[in-house]
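Subject: Structure handover

Hi,

Here is the structure for you to look over. My notes follow below it.

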Amino acid sequence: MTAPRLSDTDADPGSDTGSDTGSDADRRAVLRAGADVAPPSPERVHRRVVDWFGEAARDLPWRRPECTPWGVLVSEIMLQQTPVARVLPRWEVWMQRWPTPTDCARADPAEILTVWDRLGYPRRALRLQSAARAIVDEHAGVVPETADELRALPGIGEYTAAAVACFAFGRPETVVDTNIRRVHTRVFSGAALPGPTYTAAQRRLAHDLMPAADHDGGALACAWNAATMELGALICTARSPQCAVCPAADLCAWRAAGSPPPTESQRTRGQSWKGTDRQVRGAIMAALRDGAADAGAEPGTVPATVPATVPATVLLDGLDLPEASAEQRRRCLDSLVADGLAARGGEPGSAQERIGLPGTL
């Protein structure tokens, strides 16, 4: 995405062109007097952050002009709770294998899950294929443009629908992820963190902060979404914000308030991993994908054929998970079968029980 560049002296509709220094001094004076810090003018923050994005944005393949709406949709699903560095190689492989929704809709679910590899939350992969099938069946294989149409696809929520409509089609939808919420909270509300829940007040703030679309067709609004997301990912991070290089540092209400630490209600507890069902399920899925090695695939590569099945005893007894009990392993295995992420052949608990990816049994 190419962001429109606006200087701090451009007078957009509703903007003010006064001195930054004066307003910052006024806010600090108010703070010293013991009153609440006034939030900055949204128009001024828009200009600063969008200009910064135009210079500092990462060159990501799903942002390039040649990327298709399908590529944007795939990226948004993969990026849910997953860092960009892990998504990049998987996105490249996925788009080479299935460059259109039609290609993805026709693929074997086992191959879908194998290409997904270790991105985590593998149900996302099957939901993405379900969305591809709906795009083929209901939209002639063309990704729909509006947030409402996208939201109607299976597995597509409010955020993903708004993000694809905005980033793929230039529609000025309000896009809010964790990074955007954090920037909004710090710059305009003066708090350290937004908390674990997307509140009604935060939703109203996000809508109020969107630039008007009537004078430019929504170009600035879309750039604001992308720029704020990037600012939260690279600069205004949760644990180590780099305020010294933030383009909005002197306008930020949190900085003006003295950068107070987060309260208990604002903190988001990190998800544990070791010893959890997520770890056990992930280890079982990895073993099922690695079953392709039995068919001659090179380690670490995506197999050209459907992976082999695995004896259930290997999954229940042979995985290197010393913290996981036999009961937990069986429960996680059964849950993967119930979720459609694995298939079972043979009677559960029998010597003939085998497990494979969907479509292998």
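Disulfides come first. The model is predicted, and the disulfide count in it is 0. The cut-off is 2.5 Å between cysteine sulfur atoms. Is cysteine 236 buried or exposed? Cysteine 236 is buried, at 9% relative accessible area. Cysteine 332 is buried too, at 1% relative accessibility.

Next, helix packing. Two packed helices are described by the angle between their axes and the distance between the axes. Take H10 (residues 178–189) and H11 (residues 200–209): their axes come within 11 Å and cross at roughly 80 degrees. That makes H10 roughly perpendicular to H11. Which residues make the contact? From H10 they are Arg181, His184, Thr185, Phe188 and Ser189. From H11 they are Gln202, Leu205, Ala206 and Leu209. By class, the H10–H11 contact has 4 nonpolar, 4 polar and 1 charged residues.

Then H12, which covers residues 219–234. This helix has 16 residues. From first C-alpha to last, H12 reaches 22 Å, close to the 22 Å expected at 1.5 Å a residue. Of the 16 residues of H12, 13 are buried, so the helix is largely enclosed by the rest of the structure.

Now two backbone points to check. Most residues other than glycine have a negative phi. Glutamine 81 has a positive phi of about 60 degrees, although it is not a glycine. Where does glutamine 81 sit? Glutamine 81 is in the loop between helix H3 (69–78) and helix H4 (84–97). Glutamine 81 counts as exposed, at 61% relative accessibility.

Alanine 140 is not a glycine either, and its phi is positive, about 55 degrees. The loop between H7 and helix H8 (147–151) holds alanine 140. With a relative accessible area of 70%, alanine 140 is exposed.

Last, serine 130. This serine lies in helix H7 (residues 123–139). Its relative accessibility is 31%, so serine 130 counts as partly exposed. How far apart are serine 130 and leucine 153 in sequence and in space? They are 23 residues apart in sequence and 8.2 Å apart in space, C-alpha to C-alpha.

Best wishes

Terms used
Residues are numbered from 1 along each chain as its sequence is written. This is a predicted model: local features need pLDDT of at least 70, side-chain atom pairs count only at pLDDT 80 or more; totals for chains, interfaces and linings use all residues. Side-chain values use heavy atoms; hydrogens and water are left out. Helices (H or I, at least four residues) and strands (E, at least two) are DSSP runs, numbered from the N terminus. The expected span of a helix is 1.5 Å times one less than its number of residues. Buried means under 20% relative accessible area, exposed over 50%, partly exposed in between (1.4 Å probe, protein chains only). Axes are lines fitted to C-alpha atoms, for helices over the stretch in contact, and angles run from 0 to 180 degrees between N-to-C directions. Angles under 35 degrees count as roughly parallel, over 145 as roughly antiparallel, 65 to 115 as roughly perpendicular and the rest as oblique. Contact means heavy atoms within 4.5 Å. Ala, Val, Leu, Ile, Met, Phe, Trp, Tyr, Cys and Pro count as nonpolar, Asp, Glu, Lys and Arg as charged, and the others, Gly among them, as polar.
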